[in-house]
Amino acid sequence: MKWIDARGSGFLPGWVVGATLLVLLALPWSRAWLEASMTRHMLVQMPLLAAAGFVLARALSADWRERLRARAGGVVPCLLLAMATTTFWMIPRALDLALEQGSAEAAKFLSLPLLAGVPLALAWPHIGIFGRGFVWSNLASMLAVLGWLYRAAPIRVCNAYGETSQFTAGTWMIVLAVTIFAAWLASLLLSPAGSHPPQG
C-alpha cells in the first residue's frame, strides 16, 4: 500500500501517517469513543498507538535506525522491550489506571509508540522467519489466554468495564488470536523457500 509507505516513497511520507494517527488517537472524542468499550480500548486503540510508533520509526533513515538499534542493545532487547510493554498494557489493572489517572493515560500514549512500536520496527527486518514466528505465536498465545480468562472469570477483572463488555472483549481476543495464527501459518506455506527479510 504505497500511500502509507514508511520510507516516504509513496503518496504520504511515513512520518506524516504516524504523526497524524497519534493526533487522531489523542483527540478527546476519539479517546472517549475508543475507551468506552473494552474491546475497542484493547484491540483498536492500543494496537494503533503501537502501529504509529512503528511507522514513525520506519520513516527514519537506515542510519538512524541502526544507531537506535545499537543503543537499545540490539535486536533481542528491542523485541523483549516491545513484548513487555504490550503485555503490561493488557493487564486489567493497567487498563483501569489508564482510565482513572491522567498520568497513566499519558504513559500509555507514550510507551506504546516509543517502547513497543519503535523497538519492534527496529528489530523486525533483522529477525528472520523464525523470529517473526516467535513474535506472532507469542502474541496469539497471549491473546488466547487473556481472552479465555476474560470469558471464564466469574467476576469483573477490570473495574472500568462491565461483565458483558469483558466477555465480548475476551471473545474478540480469541478470534484475533486464531486469525493471527492462521495468517502466520498461511504466510509460511505461501512464502518462497529460502526467502530472507529485507535489511534496514
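Of the contacts (heavy atoms within 4.5 Å) between residues at least 6 apart in sequence, 70% join residues at least 24 apart in the protein chain. The model is a predicted one, so local features need pLDDT of at least 70 and side-chain atom pairs pLDDT 80 or more, while totals for chains, interfaces and linings use all residues. Residues are numbered from 1 along each chain as its sequence is written, and side-chain values use heavy atoms, with hydrogens and water left out.

The chain has nine helices and zero strands, taking DSSP runs of H or I with at least four residues as helices and of E with at least two as strands, numbered from the N terminus. Of its 200 residues, 40% are buried (under 20% relative accessible area; exposed is over 50%, partly exposed in between; 1.4 Å probe, protein chains only).

Now for the charged pairs. Six salt bridges turn up in the whole structure, each a side-chain nitrogen of Lys or Arg within 4 Å of a carboxyl oxygen of Asp or Glu. K108 pairs with E35, with the closest N and O atoms 2.9 Å apart. Because K108 sits in helix α7 (residues 102–123) and E35 in helix α2 (residues 28–35), this bridge ties together parts 73 residues apart in sequence. K108 has a relative accessible area of 0%, and E35, at 11%, is buried too.

K108 also bridges to E105 at 3.1 Å, N to O; these two are three residues apart in helix α7, about one turn. Shared partners join R31, E35, E105 and K108 into one network.
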